[in-house]
Amino acid sequence: MITDKTKQLLSDHVDMRLVAVEGDEPTADRNSIVQLDPDHPGFRDQEYRQRRNQIAQLALAYQPGQIIPDAPYTSDEHGVWQAIWTALRPAQQQHACAEYISALTRLSFASDRIPQLREVNEKVIAISGFRLEPVAGLVQPRVFLENLADGVFLCTQYIRHHSTPLYTPEPDVVHEIVGHGVTLASPRLAELNRLFGKAVRRTKSTDALEKLSRLYWFTIEVGVLREDGMVKAFGTGLLSSAGELEEMHDAELRPLDVEAATSQDYDPTHFQPVLFCADSFDAMYQSLREYLAHW
Ligand SMILES: [Fe+2]
């Protein structure tokens, strides 16, 4: 039965970035601002909308290489981080793969305030050479993925509305930092992100771009693997959501077959009924690396 609580957790992580391959425009603007839908939790909160615009302006004015300006989060918003962190930490300790846990230790987040991109960026650059760059809203899949080739992760900076700490209809700073930021502090996961970007750059057709987007989804976003006989997450979408980390054990697990993953459809707005599970971190790393390098 789907209770209200389950419903909330259900959409805890939604990354629509990779879905809209259709209409892929090479000239897509990396700073196209997201309009809030009438059913967005923050739609009627003028203060929240104003802050979202202010944060979007920071991104619009940002020039690559500059220090990322701090976002003006409120104490309610720091409270959102605290609520998420309280739910997420135990879930991660139980369900995250070792590679993630050790990268997380390197970033050492405070439990009571949202880390600024600036702080996360300094550490990630030092570890893997990857850097975060703020964007005003969601960008086209091709733009998002191609930037990875240059070691650039285009990153939203706003946080979800404080009325729904466990629900966000779009990737927010929590997903970006706790999911992607941490995995980019793993040199091997950072390398796979770069290889995805380079493969996308060599890809011309929309069909082929869709295949790569699906593979990115089933690995970097919702990938799982076996560790000491247990199923553990290495996917950023799972790792940034306590609800997803619990639910992943109910998914149908298929052995990781990168070719099969490129043609598996998915719906990012629900828990994943099918996940691809690698035999180990090394096996995942090797097969993905090989596949992307020869793409
Ligand atoms: Fe994501």
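A search of the whole structure finds 14 salt bridges. A salt bridge here is a side-chain nitrogen of Lys or Arg within 4 Å of a carboxyl oxygen of Asp or Glu. The model is predicted: local features need pLDDT of at least 70, side-chain atom pairs count only at pLDDT 80 or more, and totals for chains, interfaces and linings use all residues. Residues are numbered from 1 along each chain as its sequence is written, and side-chain values use heavy atoms, with hydrogens and water left out.

| Salt bridge | N to O distance |
|---|---|
| Glu77 and Arg51 | 2.9 Å |
| Arg52 and Glu170 | 3.1 Å |
| Glu210 and Arg214 | 3.5 Å |

Take Glu77 and Arg51, joined by a salt bridge. They link distant parts of the chain: Glu77 sits in helix α3 (residues 75–95), Arg51 in helix α2 (residues 46–61), 26 residues apart. Helices (H or I, at least four residues) and strands (E, at least two) are DSSP runs, numbered from the N terminus. Glu77 is buried, at 3% relative accessible area. Arg51 is buried too, at 9%. Buried means under 20% relative accessible area, exposed over 50%, and partly exposed in between (1.4 Å probe, protein chains only).

Next, Arg52 pairs with Glu170. Arg52 lies in helix α2, and Glu170 in the loop between β2 (152–155) and α7 (173–183), 118 residues apart. Arg52 is buried at 9%. Glu170 is buried at 6%.

Glu210 and Arg214 are 4 residues apart in helix α9 (residues 206–221), so about one helical turn separates them. Glu210 is partly exposed at 25%, whereas Arg214 is buried at 16%. Elsewhere, salt bridges with shared partners join Glu99, Arg188 and Asp282 into one network.
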